[in-house]
Amino acid sequence: MQDPLETRLSQLPLRPAPAHWRRAILNRAADMPPRKRLSANWLALAAAWILIGLLQWHSNAPGAAHMKGLTGPIYLPVLSALRTQEAVLEELLAEPLPTPPAPRQSRTILQPSAATV
Amino acid sequence: MHPSLEQIYDAHADALYAFLLNCCRDETLIQDALQEVFLKLARNPFLLETARDTRAFLLRTGHNALRDLARRNSTRARYEQRHLEQTPTLLLPVFPGEDDAFRLALETCLQDLPKEQRAVLHLKLWEDLTFAQIGETLDISPHTAASRYRYALDKLRNVLRPVYEERL
């Protein structure tokens, strides 16, 4: 700082915090339990996702058709992308072919209107 | 190894107190804000790990806590009343018992400054922060911090000139 006013101001002593605050503030802070970085809830959630991922992976392995029911409704795009082309083809071939819908039959016999006669 | 709360208090509490006192002359509110800062540190001991500058981080946290507490006050009238009742001076006499005209004039002038300018002035003069650090602490741009500082210093210079020039 070149300005003499700034120098003078910065040298002025400031009032310190009241001495009796220290004990009060630190005692209250010491009573506060520290927050854990990884709570039990987060760990349980992570474990559940890992389990789901493993089941999905295993059910996509060849010869594990009996496992498909376990994770059928859960879609994990990452794991789907890792499947081999043979596995995808096998799945497609295993699905029953859709049957075409039967022609609709009208139950009422339309009477020719007077205008068309 | 993290510094203990006691170590942090001893190193920074006086500076925090002086800054908050310059922002608001209500000691009850300042004590609550200081308490908030240390409760936050106790809840999350890793909080200071993310801070580049511990002092600047604590000043920012204290400033935010003070602002939130002032907002939470039930009635502004009550706050203003308490504000008037308790007005501790920011500056200490250089020599005990000294009647320092400069110090008293500065004290009055500081209170007349807008609080935004006062906060910037304090961080620059007594904390020696850069304008970038002040901007980060107060959520303003470094340019705004610099212009507020210049305005505040000009006002101080005008008011203090008679007292100041006598002493040069």
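Which pattern does chain B follow when read along the sequence? Chain B follows the pattern α-α-α-α-α-α-α-α. The structure is a predicted model, in which local features need pLDDT of at least 70, side-chain atom pairs count only at pLDDT 80 or more, and totals for chains, interfaces and linings use all residues. Residues are numbered from 1 along each chain as its sequence is written, while chains are lettered from A and ligands numbered from 1 in the order in which they are written.

**Confidence**
- The model has an ipTM of 0.79 and a pTM of 0.66.
- The average pLDDT of chain B is 85, and 86% of its residues score at least 70; pLDDT is the predictor's confidence in each residue, from 0 to 100.

**The two chains**
- Chain B contains eight helices and zero strands; helices (H or I, at least four residues) and strands (E, at least two) are DSSP runs, numbered from the N terminus.
- Chain A contains six helices and zero strands, and its elements run α-α-α-α-α-α from the N terminus on.
- Of the 168 residues of chain B, 29% are buried, a term for residues with 20 or more other C-beta atoms within 10 Å of their own, the C-beta atoms being placed from the backbone.
- In chain A, buried residues account for 7% of the 117 residues.
- Among contacts in chain B between residues at least 6 apart in sequence, 68% join residues at least 24 apart; two residues are in contact if their C-beta atoms, placed from the backbone, lie within 7 Å.

**The largest nonpolar core**
- This core has 40 residues, of which Leu16(B), Tyr17(B), Leu20(B) and Leu34(B) touch the most other members; a nonpolar core is a set of buried Ala, Val, Leu, Ile, Met, Phe, Trp, Tyr and Cys residues joined through C-beta atoms within 7 Å.
- The largest share of the core, nine residues, is supplied by H1(B).
- Domain 1 (1-90) and domain 2 (98-168) of chain B both contribute residues, so the core lies between them; the domain bounds come from an automatic or database domain assignment.
- Apart from its neighbours within four places in sequence, Leu20(B) is in contact with Ile30(B), Ala33(B), Gly62(B) and Leu66(B).

**Where the chains meet**
- In chain B, 30 residues are in contact with 21 residues of chain A.
- H1, H2 and H8 of chain B are the elements that give two or more residues to the side of chain B that touches chain A.
- That side has 21 nonpolar, four polar and five charged residues; Ala, Val, Leu, Ile, Met, Phe, Trp, Tyr, Cys and Pro count as nonpolar, Asp, Glu, Lys and Arg as charged, and the others, Gly among them, as polar.

Key
Buried ≥ 20, exposed ≤ 12 C-beta atoms within 10 Å, placed from the backbone.
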